[in-house]
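Let's walk through this one together, a question at a time. Have a look at the picture before we start.

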Amino acid sequence: MPKKQLPSRFYPVKHEMQTVEAPAEKISPQQRAETWEKIAQYFRANSLWMLNYCTGCCAIELPLVMTSRFDMERLGMMPMATPRQADILLVTGYASLKTLRRLIYTYEQMGTPKYVVAFGPCAVNGGIYHDAYAVLNRLDLYLPVDLYIAGCMPKPEAVMSGFMKLIELIESGKATGWKDYEQRYEWYKKNQLEAVGEVFIHDEFHE
Amino acid sequence: MIAYQSIGTALGMALFAWLMQTGLSGVDRKITARIQKRRGPVWYQNFRDVFKLLNKRSVTHGWIFDLGLLIALAGAIGTAMFMPMAGIIPLQGYDNFFMITYLAALGVFGRALSAGASGNPLAAIGVMRGLTQNIGYKLPYMVLVIVLINYYKTSSISGIAALQQVQGWSVLKMPLGVLVAFISLHGMLGKKPFDTYLAPSEVASGPMVEFGGKYLGLLNIAHEIAVFVEISLFVNLFLGGGATLAEFLLKYMAVYLLSSCLGAVMGRLRVEQVVRFYYKVPIGLTILQVLLFTLLYGGVS
Ligand code: SF4
């Protein structure tokens, strides 16, 4: 007696399960975060607001960079009035015992992401002031420097090309000094305290 | 009852206002740069700035700081929602001048509240200067608008604009008054020489001194929408609004770019000079204008 064929609905239907592909193309949260980060980096790189903390004589080149000959507003850069609004801190020249405290205050008030640009050899190794009693020789012991601009003082062309390089670094996600400062905060704090004793600005007029 | 559809139109209006004004202020930066013999940024630089700011982390200074900012933003968006633009009246029947003035004041006070709560003395100085100046330019402006309302017998902004298209623009009836209104507008926009409350090198950008990152981004959005409201009000009340959208936008751009060109070539006055100026020249001219208007176009009924 031939075996009776059961209606098809009694057989497991396998192929139907297989036709529905796993959504491989679906964007994972991580990928989405990366894409978002790329978009954000484009905006950060092309809209840099700077705070020029004019510590040394290099600062005299900045007016030239801002005005009509070199015009840094072309790159979307603008001088800003307060640290809260700024994205880059320009350390124009040497940092002394007195200015370093102010620099640290200023840097820590800025909102992340933030970048530091140091001007001239004075910020690298003390330059011509390397043996002065009040000048701190290496800036990157105290603050994470993203870019150095060479020249004593750097010509406006050098400053412009430095800024262009900074934009490139930010756009490719390589300017990560602020992350470094967050991660190695103890190390930076230790260096700062060794250099200046205490990171506290006394009110010189009312004490 | 206001239909949901018209609320949708009104919100669309506010969005359009922001997009257009942010684009235009980029053009303004470009023009200022050309006047100073520079190249200047791209025209969409302000969009880049806003999105960058919204992508930054920042600190708050307490809940009043946050609340004030939200009030400022809500005030700005709310005002833009009522603003008629060349026959497009988002909330029909509610575009009353007094309503818009009060809503706009909400934005100003929200900003002042927020800046005051930041606790920075420079912000307090900036707010004080801003409010002093506010009284200075609001007074002549209000007097002029009340004369207009009396003349046209309506306080609806779209009504005044429509009547002007039949009877001729108010600028022809009160040329001096429009000059005064333009000076006031220049002050409201915070352009030089009346930007004492912003003065970056003097009071470190005044009320904005403690704003950073997202806070500054939202403040920027509120500011651009407030600028839209101020200029649209001027165009609607004094330049006859516009029969078509193109006409309205053309007048809008002309007023804004004239103001920014003037701002680019002038220096900043000191705060007491600004106040003295506002209490002398515009108010004097306003009184003269009101007298002339009464003589020429009938008495105040
Ligand atoms: S690098 Fe030269 S110009 Fe710059 S601060 Fe040092 S000495 Fe002055």
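Buried means under 20% relative accessible area, exposed over 50%, and partly exposed in between (1.4 Å probe, protein chains only). Strands (E, at least two residues) and helices (H or I, at least four) are DSSP runs, numbered from the N terminus. This is a predicted model, where local features need pLDDT of at least 70, side-chain atom pairs count only at pLDDT 80 or more, and totals for chains, interfaces and linings use all residues. Residues are numbered from 1 along each chain as its sequence is written, chains are lettered from A and ligands numbered from 1 in the order in which they are written, and side-chain values use heavy atoms, leaving out hydrogens and water.

Q: How many residues of strand E5 in chain A are buried?
A: Strand E5 covers residues 115–119 of chain A and is mostly covered. A:Tyr115, A:Val117 and A:Phe119 point one way, A:Val116 and A:Ala118 the other, and all are buried. The count is five of five.

Q: Which residue in E7(A) is the bridge partner of A:Val117?
A: Two strands pair if DSSP finds at least two bridges between them. E5(A) and strand E7 (residues 147–149) of chain A run parallel, joined by three bridges. In E7(A), the partner of A:Val117 is A:Leu147.

Q: Which residue stands opposite A:Tyr115 in E5(A)?
A: Strand E3 (residues 88–92) of chain A pairs with E5(A) in the parallel sense, over five bridges. Opposite A:Tyr115 stands A:Ile88.
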